[in-house]
Amino acid sequence: KQAGAAMRAIKAVIDAKGPTSGAVEQAAKLKTLEAAFVKMFPAGSDKGETKALPTVWSDMAGFQAASKNADAAFDKLAVAAGSGDQAALATAFADAGKACGACHDKFRAKAN
(Lines give C-alpha, C1' and ligand atoms only; values in the text may rest on other atoms or scores of the structure.)
Protein backbone atom coordinates (compact mmCIF):
# COMPACT_ATOMS: atom_id res chain seq x y z
CA LYS A 1 0.00 0.00 0.00
CA GLN A 2 2.87 2.35 0.78
CA ALA A 3 4.47 1.68 -2.60
CA GLY A 4 1.17 2.39 -4.32
CA ALA A 5 0.84 5.65 -2.41
CA ALA A 6 4.38 6.65 -3.42
CA MET A 7 3.67 5.85 -7.07
CA ARG A 8 0.46 7.90 -6.95
CA ALA A 9 2.37 10.82 -5.42
CA ILE A 10 4.96 10.67 -8.21
CA LYS A 11 2.19 10.50 -10.80
CA ALA A 12 0.67 13.63 -9.27
CA VAL A 13 4.01 15.43 -9.69
CA ILE A 14 4.14 14.34 -13.33
CA ASP A 15 0.53 15.36 -13.98
CA ALA A 16 1.08 18.77 -12.35
CA LYS A 17 4.07 19.37 -14.65
CA GLY A 18 5.73 21.14 -11.75
CA PRO A 19 9.19 20.73 -10.27
CA THR A 20 10.32 17.11 -10.39
CA SER A 21 12.01 17.53 -7.01
CA GLY A 22 8.67 16.68 -5.42
CA ALA A 23 9.19 13.09 -6.54
CA VAL A 24 12.66 12.63 -5.02
CA GLU A 25 11.45 11.65 -1.56
CA GLN A 26 8.84 9.26 -2.98
CA ALA A 27 11.40 7.55 -5.23
CA ALA A 28 13.68 7.08 -2.22
CA LYS A 29 10.75 5.62 -0.30
CA LEU A 30 10.12 3.08 -3.07
CA LYS A 31 13.76 2.01 -2.91
CA THR A 32 13.57 1.57 0.87
CA LEU A 33 10.32 -0.37 0.63
CA GLU A 34 11.71 -2.70 -2.04
CA ALA A 35 14.78 -3.52 0.07
CA ALA A 36 12.53 -4.56 2.95
CA PHE A 37 9.89 -6.24 0.79
CA VAL A 38 11.95 -9.02 -0.72
CA LYS A 39 13.06 -10.08 2.79
CA MET A 40 9.46 -10.68 3.81
CA PHE A 41 9.30 -14.04 2.05
CA PRO A 42 11.74 -16.44 3.74
CA ALA A 43 11.42 -20.18 3.26
CA GLY A 44 8.34 -21.47 5.07
CA SER A 45 6.50 -18.14 4.94
CA ASP A 46 4.10 -19.53 2.35
CA LYS A 47 1.72 -20.75 5.05
CA GLY A 48 -1.38 -18.86 6.11
CA GLU A 49 -3.25 -16.04 4.45
CA THR A 50 -1.17 -14.33 1.79
CA LYS A 51 -1.70 -12.43 -1.43
CA ALA A 52 1.51 -13.90 -2.78
CA LEU A 53 1.29 -16.68 -5.34
CA PRO A 54 3.13 -19.95 -4.68
CA THR A 55 5.61 -18.97 -7.42
CA VAL A 56 7.26 -16.60 -4.92
CA TRP A 57 8.65 -19.67 -3.16
CA SER A 58 8.87 -22.09 -6.09
CA ASP A 59 10.75 -19.53 -8.20
CA MET A 60 12.63 -17.59 -5.53
CA ALA A 61 15.43 -16.80 -8.00
CA GLY A 62 12.89 -15.25 -10.37
CA PHE A 63 11.27 -13.36 -7.51
CA GLN A 64 14.62 -11.98 -6.38
CA ALA A 65 15.48 -11.04 -9.98
CA ALA A 66 12.17 -9.19 -10.29
CA SER A 67 12.97 -7.35 -7.06
CA LYS A 68 16.40 -6.38 -8.38
CA ASN A 69 14.78 -5.15 -11.58
CA ALA A 70 12.35 -3.01 -9.58
CA ASP A 71 15.21 -1.74 -7.44
CA ALA A 72 17.13 -0.67 -10.55
CA ALA A 73 14.01 1.02 -11.92
CA PHE A 74 13.62 2.92 -8.64
CA ASP A 75 17.26 4.05 -8.90
CA LYS A 76 16.55 5.47 -12.36
CA LEU A 77 13.35 7.05 -11.05
CA ALA A 78 15.29 8.79 -8.27
CA VAL A 79 17.87 10.12 -10.73
CA ALA A 80 15.13 11.37 -13.04
CA ALA A 81 13.28 13.00 -10.13
CA GLY A 82 16.43 14.85 -9.15
CA SER A 83 17.21 15.90 -12.71
CA GLY A 84 14.46 18.46 -13.09
CA ASP A 85 13.57 16.91 -16.45
CA GLN A 86 9.82 16.21 -16.67
CA ALA A 87 10.17 13.92 -19.69
CA ALA A 88 12.88 11.86 -17.99
CA LEU A 89 10.71 11.55 -14.89
CA ALA A 90 7.70 10.44 -16.93
CA THR A 91 9.79 7.82 -18.75
CA ALA A 92 11.39 6.52 -15.55
CA PHE A 93 7.97 6.41 -13.90
CA ALA A 94 6.56 4.32 -16.75
CA ASP A 95 9.54 1.95 -16.53
CA ALA A 96 9.13 1.64 -12.76
CA GLY A 97 5.45 0.85 -13.26
CA LYS A 98 6.37 -1.88 -15.73
CA ALA A 99 8.86 -3.36 -13.25
CA CYS A 100 6.20 -3.34 -10.53
CA GLY A 101 3.62 -4.84 -12.86
CA ALA A 102 5.91 -7.63 -14.02
CA CYS A 103 6.37 -8.75 -10.44
CA HIS A 104 2.67 -8.42 -9.62
CA ASP A 105 1.68 -10.42 -12.70
CA LYS A 106 3.88 -13.38 -11.83
CA PHE A 107 4.03 -13.33 -8.04
CA ARG A 108 0.88 -11.66 -6.66
CA ALA A 109 -2.63 -13.09 -6.56
CA LYS A 110 -5.30 -11.03 -8.27
CA ALA A 111 -7.88 -9.36 -6.07
CA ASN A 112 -11.22 -11.13 -6.57
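In the predicted model, the buried residues of helix 2 are Gln 26, Ala 27, Leu 30 and Glu 34. These residues cover an arc of only 100° around the axis and therefore lie on the same side of helix 2; the arc is that of the directions from the helix axis to the C-beta atoms. Buried here denotes a relative accessible area under 20%, exposed denotes one over 50%, and partly exposed lies in between, with a 1.4 Å probe and protein chains only. On the other side of helix 2, the exposed residues are Glu 25 and Thr 32. The cover over the buried residues of helix 2 includes helix 1 (2-16) and helix 4 (60-83).

The length of helix 2 was also examined. Helix 2 holds 14 residues (residues 24-37), which at 1.5 Å a residue should span 20 Å, and this agrees with its end C-alpha atoms, which are 20 Å apart. The expected span is 1.5 Å times one less than the number of residues in the helix.

Residues are numbered from 1 along each chain as its sequence is written. Local features need pLDDT of at least 70 and side-chain atom pairs count only at pLDDT 80 or more, while totals for chains, interfaces and linings use all residues, and side-chain values use heavy atoms, with hydrogens and water left out.

The chain contains 5 helices and 0 strands, and its pattern along the sequence is α-α-α-α-α. Helices (H or I, at least four residues) and strands (E, at least two) are DSSP runs, numbered from the N terminus. A box of roughly 45 × 25 × 20 Å, taken along the principal axes, is filled by the C-alpha atoms of the chain. Of the 112 residues in the chain, 28% are buried.

One of the buried residues is Leu 89, with a relative accessible area of 0%. Leu 89 belongs to helix 5 (residues 86-107). Apart from its neighbours within four places in sequence, Leu 89 has contacts that include Ile 10, Val 13, Ile 14, Leu 77 and Ala 80, where contact means heavy atoms within 4.5 Å. Ala 35 stands 54 residues from Leu 89 along the chain, and their C-alpha atoms are separated by 22 Å. Among the contacts in the chain with a separation of 6 or more, 66% are between residues 24 or more positions apart.
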